[in-house]
Amino acid sequence: MRWQGGQRGGGIEDRRGMGGGAVAGGGIGVAVLALIGYLVFGIDPSTTTQVASQFGQAGASQEGVQGTPEDQAGLFVDIVGKNINDVWATKLEGYRPPDNIVIYEQGTPTGCGFGQSAMGPFYCPTDRQVYLDLAFWQEMETQLGASGADFARAYVLAHEIGHHVQTLTGASEQVQRAQQGASSETEGNRYSVALELQADCYAGVWAANAASVSGGEVAVEQGDLEEGLRTASAIGDDTLQRRSGGQVSPESFTHGSSAQRMEWLQRGYQTGDPASCDTFQSL
């Protein structure tokens, strides 16, 4: 993936090194990896709060350094984040970027409760910020079998900003209302899956349009899509359930199967049009 010549200005707040709080158990252990399996990407903020409360973290307000980090990983998030927002500015009338993309270590206060790296990247609609511990990328590769390629990591970020788009369009609120009126947990989960698959599709839409809004400075290159699809496959609910040694239970899916995640990422990329991302049509 080409990105180093892209524009800076993705709206970064860098909280690394601020001592946000240690993860329970002193690191990412087996139980926490199970959380990654079930909560990775697009985590429901109410679940974030529930999990954090189990760890006993309170979390006062915290502000980091605003601007472009100079390290390679921070610069990547800044440039790619800017490019993603530039794409959505051309696709959604009145688009406003997330207030910040917060990069942190281990744990940090959020508008949705105390966030921890074990929960994976997530978007909080309360403060309209994306939260990302950059160490998760390494865990995603080594523990979950995902790709370590730049595009796979950009897919993570584009998916989370996709949830911001859903907040702006009202899709997230509609799903919440539908889940409240659902007759069963299984029915409620189907709405969650549709929301997550749409965010995957939106990530594909970004990838298809990245070059056109950046004069080719940020662009998907040959082989990148395959790395993204490998990652989408690695984080499908069925694959994660098998990895954890459990039985595959489609009724408990909250993010979609590997095949579904790959399908919708590819559909967004092939069309480049958010109108093609209606994952709710079959509900």
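The model is predicted, with local features needing pLDDT of at least 70 and side-chain atom pairs counting only at pLDDT 80 or more, while totals for chains, interfaces and linings use all residues. Residues are numbered from 1 along each chain as its sequence is written, and side-chain values use heavy atoms, with hydrogens and water left out.

Reader: What is the mean pLDDT of the chain, and over which residues does pLDDT stay under 50?

Author: The mean pLDDT, the predictor's confidence in each residue from 0 to 100, is 87, and 84% of the residues reach 70 or more. It stays under 50 over residues 22-43, and it is below 50 over residues 45-60 as well.

Reader: Why is α3 called oblique to α5?

Author: Helix α3 (residues 72-91) and helix α5 (residues 150-169) pack at an angle of about 50°, with their axes 10 Å apart. Angles under 35 degrees count as roughly parallel, over 145 as roughly antiparallel, 65 to 115 as roughly perpendicular and the rest as oblique, and therefore α3 is oblique to α5.

Reader: Which residues of α3 and α5 make the contact?

Author: With contact meaning heavy atoms within 4.5 Å, those taking part include F76, V80 and W88 of α3 and R153, L157 and I161 of α5. The residues of this contact divide into ten nonpolar, two polar and two charged.

Reader: Why does T167 count as buried?

Author: T167 lies in helix α5, and its relative accessibility is 19%, so T167 counts as buried. Not counting residues up to four places away in sequence, T167 touches Y123, P125, R128 and S172.

Reader: What makes D86 count as partly exposed?

Author: D86 lies in helix α3, and because its relative accessibility is 23%, D86 counts as partly exposed. The C-alpha atoms of D86 and S214 are separated by 8.3 Å, although these residues are 128 residues apart along the chain.

Terms used: Axes are lines fitted to C-alpha atoms, for helices over the stretch in contact, and angles run from 0 to 180 degrees between N-to-C directions. Helices (H or I, at least four residues) and strands (E, at least two) are DSSP runs, numbered from the N terminus. Ala, Val, Leu, Ile, Met, Phe, Trp, Tyr, Cys and Pro count as nonpolar, Asp, Glu, Lys and Arg as charged, and the others, Gly among them, as polar. Buried means under 20% relative accessible area, exposed over 50%, partly exposed in between (1.4 Å probe, protein chains only).
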